[in-house]
Amino acid sequence: MSTFEDNQYLTFKIGEETFGIGLLNVKEILEYTHVTTVPMMPTFIPGVINLRGNVVPVLDVCDKFFRKKHSPDKRTCIVIVEVPESINGARMDIGLIVESVYEVLSIPSSEIEPPPTFGSRIRVDFLAGMARQASGFILLLNLLRLLTVEELTALEETREEATNAVSAG
């Protein structure tokens, strides 16, 4: 049986699409801040941020999904999410750069459909489902499939290296 919180989603804009992510995975929402570049990372991972002494890798979701960069503006946010069981069963915090955050919605399970098998502008394996709303669809992200194992490993190595550099300096 699902609880009320299980059906709550933080909604946000990326490109022309509205996305949602399970509220239980959202740790906090930050104003966009400077991201420290990390060499040799894919273009959709612009770097890391320092969050109260913790190094958090940042993912540019627009670049990951649509292969285009979003120029940050006053509405741009970094949504800190916890990816469950990312590497060796460990949890990992990742910052997602989004164009703007909308609201938290309660979406009944009856309004969530499986991702389409065709016609979507993003890879459907990134999606947990689609929620039908009066204004259109909300694409619900699957955090466990947002990054490949190789990408998660590279992020964890980057986070460890940055943490060690901060500790040594």
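These are my notebook entries on a predicted model.

**Conventions.** I number residues from 1 along each chain as its sequence is written, and my side-chain values use heavy atoms, with hydrogens and water left out.

**Sheet.** I looked up the strands (DSSP runs of E, at least two residues, numbered from the N terminus) and their pairing (at least two DSSP bridges between two strands). I found an open sheet of six strands in the order β8-β1-β2-β11-β10-β9, with mixed pairing. Its edge strands, which each pair on one side only, are β8 (100-106) and β9 (112-113). Within this sheet I noted that β2 (residues 17-22) runs parallel to β11 (residues 136-141), joined by two bridges, and that phenylalanine 19 stands opposite leucine 139 in β11.

**Strand β5 and its partners.** I then followed β5 (54-60), which pairs with β4 (47-51) in the antiparallel sense over five bridges, with valine 48 opposite proline 57. To β7 (residues 90-98) it is joined by three bridges in a parallel run, where aspartate 60 has isoleucine 97 as its bridge partner. Six of the seven residues of β5 are buried, so I describe the strand as largely enclosed by the rest of the structure; buried here means under 20% relative accessible area, exposed over 50%, and partly exposed in between, with a 1.4 Å probe and protein chains only.

**Arginine 52.** The hairpin of β4 and β5 has two residues between the strands, and there I noted a positive phi near 50° for arginine 52. I flagged the angle because most residues other than glycine have a negative phi. Arginine 52 counts as exposed, with a relative accessibility of 64%.

**Cores.** I next looked up the nonpolar cores (sets of buried Ala, Val, Leu, Ile, Met, Phe, Trp, Tyr and Cys residues joined through side-chain atoms within 4.5 Å). The largest has 34 residues, of which Ile21, Leu59, Val81, Ile94 and Leu96 touch the most other members. A second, separate core has nine residues, among them Val35, Ile49, Val58 and Ile80. For isoleucine 21 I listed contacts (heavy atoms within 4.5 Å) and, leaving out residues up to four places away in sequence, found Gln8, Tyr9, Leu10, Phe12, Val26, Val81, Leu96 and Leu143.

**Aromatic rings.** I counted three aromatic pairs, taking rings of Phe, Tyr and Trp (its six-membered ring) with centres within 6.5 Å and calling planes under 30 degrees apart stacked, over 60 edge-to-face and the rest tilted. Ring pairs link Phe12, Phe19, Phe65 and Phe126 into a cluster.

**Serine 100.** In strand β8 I looked up serine 100, which is buried at a relative accessible area of 4%. Its side chain makes a polar contact of 3.3 Å with that of arginine 75, a term I use for N or O atoms within 3.5 Å where, within protein, one must be able to donate a hydrogen and the other to accept it, and residues adjacent in sequence count only if both atoms are side-chain atoms.

**Cysteines.** My search of the whole structure for disulfides (cysteine sulfur atoms within 2.5 Å) returned zero. I also recorded cysteine 62 as buried at 4% relative accessibility and cysteine 77 as buried at 14%.

Conventions: This is a predicted model: local features need pLDDT of at least 70, side-chain atom pairs count only at pLDDT 80 or more; totals for chains, interfaces and linings use all residues. Helices (H or I, at least four residues) and strands (E, at least two) are DSSP runs, numbered from the N terminus.
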